[in-house]
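Hi,

Here is the structure I promised to pass on. Could you have a look when you get a moment?

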Amino acid sequence: MSILVETKTIASRLIAPSGEAAATLPDFARDHAELVKLYRAMVLTRTFDAKAVALQRTGRLGTYASSLGQEAVGVGLAAAMRPDDVLLPSFREHGAQIWRGVSLKELFLYWGGDERGNDFAGPREDFPNCVPVGSHASHAVGVALAFRLRGEPRAAVCVFGDGATSKGDVAEALNMAGTWKVPTIFVVNNNGWAISVPVAKQTAATTLAQKALAAGIPGLRVDGNDVVAVREAVGDALAVTRRGDGPTLIEAVTYRLSDHTTADDAGRYRNDTEVSRHWPEEPVARLRSYLTRVGAWGREQEESLLHECGQQVERAADDYLAEQPLPITALFDRTYATMPVDLVDQLHVATARAAGAA
Ligand SMILES: Cc1ncc(C[n+]2csc(CCOP(=O)(O)OP(=O)(O)O)c2C)c(N)n1
Ligand SMILES: [Mg+2]
């Protein structure tokens, strides 16, 4: 009798950290222009990220969750999606949101505490960031069920962290997705840490991909710092689910090079040696190195891309900073059709204070 207890522990990889091809590349990756698009999106994401941290440090943005070193997960999965699929991100998927057309100004607004940042002009049906850990996984199953009931060939792509996989919400969502065979792709952005808790301290599972087994769905591990491998894995899973063959759980193994958020100091619980060990694997340098090797990228392109991204991000930051903030009373606007009494009282206090301050 054989007992199936885990999925493959080796993460599939197409481009090695050195920038050499580690396997035969899929068709899309033979087109250098396609790879350059992925590279540009990762560089833009990183440029946005650095500016967001700088704005927070100077008191002009709220608490911000950096995606430094994790750009390949977001960009790779979004590049595999169709525009009318629906993305349900957690809070570290800036790369995916940017790829799908959320504007940099909207992202700054959101992280500046302004709800208008969630009213995307671009992907109208994408979900806003989900800060409660893992609670959007069941929403993703609902979205996918709606697609099935309406006979639409669309899929829901739900991204959450390694920490979220320890939550009941995620286990329940995987279970129902498997039972109903709905078109949901779950991507675990495994960055090694849930704030100060490393993966090994929150689960005895050898991989997070194997959490798919109990739900009766495929689970696989992919190198989350290899944007080509991420795009390929998510693309394949989407093709399967569009045929009606159900969901997949993809564990993208990456590493959080930054603090958890700007409100965190990872130096208090994680040593620098561990972080240094992961820098050589980061996704942006890896793809640049591949593109340089094959003659599709050079110093001039790099310089002009950095300049372009810098300008685009600065313009968006200026637009964000020039926006008239919403009145404090806007906090009360969109949660209840009929406001509970205690909130009505708070609204009166806020209104009075705002009037006093004016
Ligand atoms: C339900 C819930 N519990 C606790 C928190 C506080 N919290 C915010 S992020 C986080 C850790 C999340 O870790 P992980 O899922 O690995 O995502 P990562 O932040 O590493 O991207 C926690 C516990 C929360 N936001 N929601
Ligand atoms: Mg994590």
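This is a predicted model: local features need pLDDT of at least 70, side-chain atom pairs count only at pLDDT 80 or more; totals for chains, interfaces and linings use all residues.

Residues are numbered from 1 along each chain as its sequence is written, chains are lettered from A and ligands numbered from 1 in the order in which they are written, and side-chain values use heavy atoms, with hydrogens and water left out.

Ligand 1 has 15 residues around it, and R92, V131, G163, N191 and W193 come nearest (near means a heavy atom within 4 Å). That shell holds eight nonpolar, four polar and three charged residues (Ala, Val, Leu, Ile, Met, Phe, Trp, Tyr, Cys and Pro count as nonpolar, Asp, Glu, Lys and Arg as charged, the others, Gly among them, as polar).

Oxygen atoms of ligand 1 lie 2.7 Å from a side-chain N or O atom of R92, 2.9 Å from a polar side-chain atom of N191 and 2.8 Å from a backbone N or O atom of W193.

Turning to helix α2 (helices are DSSP runs of H or I, at least four residues), its 26 residues, 32-57, should span 38 Å at 1.5 Å a residue, and the end C-alpha atoms agree, being 38 Å apart (the expected span is 1.5 Å times one less than the number of residues). D31 caps the N-terminal end of α2, with a side-chain oxygen 3.1 Å from the backbone nitrogen of A33. Just after α2, G59 has a positive phi of about 75 degrees.

Best wishes

How values were computed
A polar contact is a pair of N or O atoms within 3.5 Å; within protein, one must be able to donate a hydrogen and the other to accept it, and residues adjacent in sequence count only if both atoms are side-chain atoms. Helices (H or I, at least four residues) and strands (E, at least two) are DSSP runs, numbered from the N terminus.
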